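Thanks for coming, everyone. Please look at the screen while I walk you through this one.

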Amino acid sequence: MESDFILALIEIAKKRGGKITSVELGNALGISQQTASRRIKELEKSSLIRKEGKRVIIEEEGMKILKEIYLNLDSIFREQRSVYGKLFSGLGEGKYYVSKHGYREQFIKKLGFSPYPGTLNLYLSFDENKKLENILAEKEYIILRGFRNENRTFGDVKCYRVLVENQIESALLKPFRTHHMPNVVEIISKEFLRKKLNINDGSIVSFFVV
């Protein structure tokens, strides 16, 4: 299908109510009203859209084309924005903190899952860490509030939703206070990720910030 008609189909899809005139389409695409009108007619002739009064409805075949374009673009951008790190064993601190009642309640309430008692620790190269910093700067995060128990004080933690290996819903933890180096990240999930993904120390693991 020619790119001109794909662009027209996308503009029509952006009008969720399905109401668009040839003048509006022409303005959106930077073409004349007559050319826009011809494109609407061609899309209708190809059974990609249908007209119901002033409304333009995208047919199933038109939605299939748009979905295919979306999936292809999503795959490209996910790969560009995926971060890769090398798995290593921590000292058990992640299990200690994740298991704390003050955090666990917030994991369930704010993230929607009770995490496996432990974290997936990844070491990032300089370039991957820089990529992650740039990505996180554009993303919203969830704050887990710190708390105090009879022994000590626990600090606030930033959480970013991520997909590990493009499939498992998880969360990247960024404590405001940490003993880890800046290029080390900790990820939690309701799954025991090592077992679920059959990975061991030294494995390269990817994650995508949602």
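Predicted model: local features only at pLDDT ≥ 70, side-chain atom pairs only at ≥ 80, totals over all residues.

**Salt bridges and a helix crossing**

What do the side chains of K130 and E133 form? They meet in a salt bridge, at 3.9 Å from N to O. The cut-off for a salt bridge is 4 Å. Where do K130 and E133 lie? Both are in helix α7, 3 residues apart, and that is about one turn of the helix.

Next pair: D156 and R145. Their closest N and O atoms are 3.4 Å apart, and they form a salt bridge. This pair links distant parts of the chain. D156 sits in the loop between β7 (153-154) and β8 (157-164). R145 sits in the loop between β5 and β6 (147-148). The two are 11 residues apart. Buried or exposed, or in between? D156 has 26% relative accessibility, so it counts as partly exposed. R145 is partly exposed as well, with 49%.

There is also a network. Salt bridges with shared partners join R50, E52 and E59.

How many salt bridges does the structure hold? The count is 10. One of them pairs E138 with R81. Here the closest N and O atoms are 3.5 Å apart. Again, distant parts of the chain are linked. E138 is in the loop between α7 (126-136) and β5 (142-144), while R81 belongs to helix α4. They are 57 residues apart. E138 is exposed, because its relative accessible area is 60% and exposed means over 50%. R81 has 27% relative accessibility and counts as partly exposed.

R81 takes us to its helix. Find α4, residues 60-81, and then α1, residues 3-14. Their axes come within 11 Å of each other. At what angle do they cross? Roughly 100 degrees. Angles of 65 to 115 degrees count as roughly perpendicular, so that is the word for α1 and α4.

Which residues meet there? From α1 we have I6, L9, I10 and A13. From α4 we have G62, I65, L66 and I69. Sort the residues of this contact by type: 7 are nonpolar, 1 is polar, and none is charged.

That's the tour. Questions are welcome.

Conventions: Residues numbered from 1 in each chain as written. Heavy atoms only, no water. Axes fitted to C-alpha atoms, helices over the stretch in contact; angles between N-to-C directions. Helix = DSSP H or I, 4+ residues; strand = E, 2+ residues; numbered from the N terminus. Parallel < 35°, antiparallel > 145°, perpendicular 65-115°, else oblique. Contact = heavy atoms within 4.5 Å. Nonpolar A, V, L, I, M, F, W, Y, C, P; charged D, E, K, R; others polar. Buried < 20%, exposed > 50% of the residue type's maximum accessible area, 1.4 Å probe, protein only.
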